[in-house]
Amino acid sequence: MAGSLVLIDSETVSSGVPSVSLTGVDSTYDVYMVIVSNLQCDTDVEDVKCRVTEGGTANSTTNYDRASKLLRASTSFSDQYAADETSWDMGTNIGTATGESSNFVQYIFNANNSSEYTFMTKEVAELNSTPELVGQQGGGVFTSTSTVDGINFFMDSGNIDSGEFKLYGLKK
Amino acid sequence: MSTNLQFIKSESADNVSSFTITDIFSDSYDVYQVYVTGNGSSSVSSLAAEFLDSGGSDIAQGNYDTAIRRLDPSSTFSSPNTESANSFEYVYPSSTDNDFASLITVYNPYETEYTFATIQSMSNQGSKAIAIAKSTTSATGMKFYANQNYTPIVVSVFGVK
């Protein structure tokens, strides 16, 4: 079937874990999609981070650049950007109160191509610790021509308490 | 190999001031993609939507928050936001008789969690937006409002398995 979305890996978190990895990125697809819903954490006011994995291990080198518009329901928007970081930012100041969670879609490009950098786009909607509806529209680049085989999510501090994490390939 | 983007329903209408599509959210999926196309007819500014329970009632009356980045090809971008509203904007055809298209990704509508949405849309202006329905009531449908009439509106819903 042309244009299919193919589930490759999924993880359901129902109690605290330090990180979640989705694996199975290879040369089968050029573009992968990650969907995360209802991500909740156990430590107040922490950011959601992610790294690419190589050989199943998260890469923590300073090769992560990002730029996004921070959309906010109760105040003015701002630009968020950084270069040469050790991870991408996928959520801002997540809280632990009822209803506070992060939800996002992320597209990943060229991940398994060792001749190209790995790019990603993101759209995030979350209820932060204020609580305020906050989101990100933007993207990032992993400035290394390595062979990426997955993605790893974690909190700045503390554990991921719950969430549905799914990795899909976009079938050509 | 079967696809994990699974078609649920597509419906359309013409010359209606609002449009309701039911039985699209269930416990079968956590995340949905709702594709909306059409024309908002004359004198339209923003077009709004809301989530409905199985009885057809709005699940979050007065409890929708939104944050929108409007991308205007002929002017400086704007960033409207609202809290405690009765609906959320999903596209912004800012003047008369503009066609539009919108992709609304909906998270957790059927679960006993708040319902979130990320939105990408285009008319004579584009927008990137987020919305939340601060309600833990299960949503099973959506209602789309026009300032005047939709001529037409087409809504297609997919579950992301």
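Okay, let's start in chain B, with strand S8: 7 of its 9 residues are buried, so S8(B) is largely enclosed by the rest of the structure. By buried I mean under 20% relative accessible area, with exposed over 50% and partly exposed in between, using a 1.4 Å probe and protein chains only.

Before I go on, the ground rules. This is a predicted model, where local features need pLDDT of at least 70 and side-chain atom pairs count only at pLDDT 80 or more, while totals for chains, interfaces and linings use all residues. Residues are numbered from 1 along each chain as its sequence is written, chains are lettered from A and ligands numbered from 1 in the order in which they are written, and side-chain values use heavy atoms, with hydrogens and water left out.

Back to S8(B) and its neighbours. Two strands pair if DSSP finds at least two bridges between them. On that basis, strand S3 of chain B, residues 31-39, runs antiparallel to S8(B) with 9 bridges. Take Tyr35(B): its bridge partner in S8(B) is Leu103(B). S8(B) is also joined to strand S9 of chain B, residues 115-122, by 7 bridges, again antiparallel. There, Ala101(B) stands opposite Met122(B) in S9(B).

Next, S4(B), residues 47-52. How many of its residues are buried? It's 6 of the 6, so this strand is largely enclosed by the rest of the structure. Both faces are covered: Leu47(B), Ala49(B) and Phe51(B) are buried on one side, and Ala48(B), Glu50(B) and Leu52(B) on the other. S11(B) covers residues 141-150 and runs antiparallel to S4(B), with 5 bridges between them. S4(B) also pairs with S7(B) in the antiparallel sense, over 3 bridges, and here Ala49(B) stands opposite Phe88(B).

A pair of aromatic rings is described by the distance of the centres and the angle of the planes. I count Phe, Tyr and Trp rings (the six-membered one for Trp) as paired if their centres lie within 6.5 Å; planes under 30 degrees apart are stacked, over 60 edge-to-face, and the rest tilted. Over all chains, the structure holds 15 aromatic pairs. One of them is Phe7(B) with Phe158(B), edge-to-face at 5.5 Å centre to centre and 65° between the planes. Phe7(B) is in strand S1, residues 5-13, and Phe158(B) is in strand S12, residues 153-160, so the pair ties together parts of chain B that are 151 residues apart in sequence.

Another is Tyr90(B) with Phe100(B), also edge-to-face, at 6.0 Å and 75°. This one links S7(B), residues 88-91, to S8(B), residues 99-107, so the parts it ties together are 10 residues apart in sequence. Tyr90(B) counts as buried at 1% relative accessibility, and Phe100(B) does too, at 5%.

There's also a cluster: ring pairs link Phe25(B), Tyr29(B), Tyr32(B), Phe51(B), Tyr64(B) and Phe88(B). And the charged end of Lys161(B) sits over the ring of Tyr29(B), 5.3 Å from its centre. The criterion there is NZ of Lys or CZ of Arg within 6 Å of the ring centre and within 35 degrees of the ring normal. Arg70(B) lies over the face of Tyr92(B) as well, at 3.5 Å from the ring centre.

Now over to chain A. What does chain A have in the way of helices and strands? 0 helices and 13 strands. Of its 172 residues, 54% count as buried. The C-alpha atoms fill a box of roughly 40 × 30 × 30 Å along the principal axes.

With contact meaning heavy atoms within 4.5 Å, residues 24 or more positions apart account for 74% of the chain A contacts with a separation of 6 or more.

Last stop, Glu126(A), in strand S10, residues 118-127, of chain A. Is Glu126(A) buried or exposed? Buried, at 1% relative accessibility. Leaving out residues up to four places away in sequence, Glu126(A) touches several residues, including Ser101(A), Glu132(A) and, from chain B, Phe116(B). Gly95(A) is 31 residues from Glu126(A) in sequence and 9.7 Å away in space, C-alpha to C-alpha.

That's my tour; over to you.

Definitions and conventions. Helix = DSSP H or I, 4+ residues; strand = E, 2+ residues; numbered from the N terminus.
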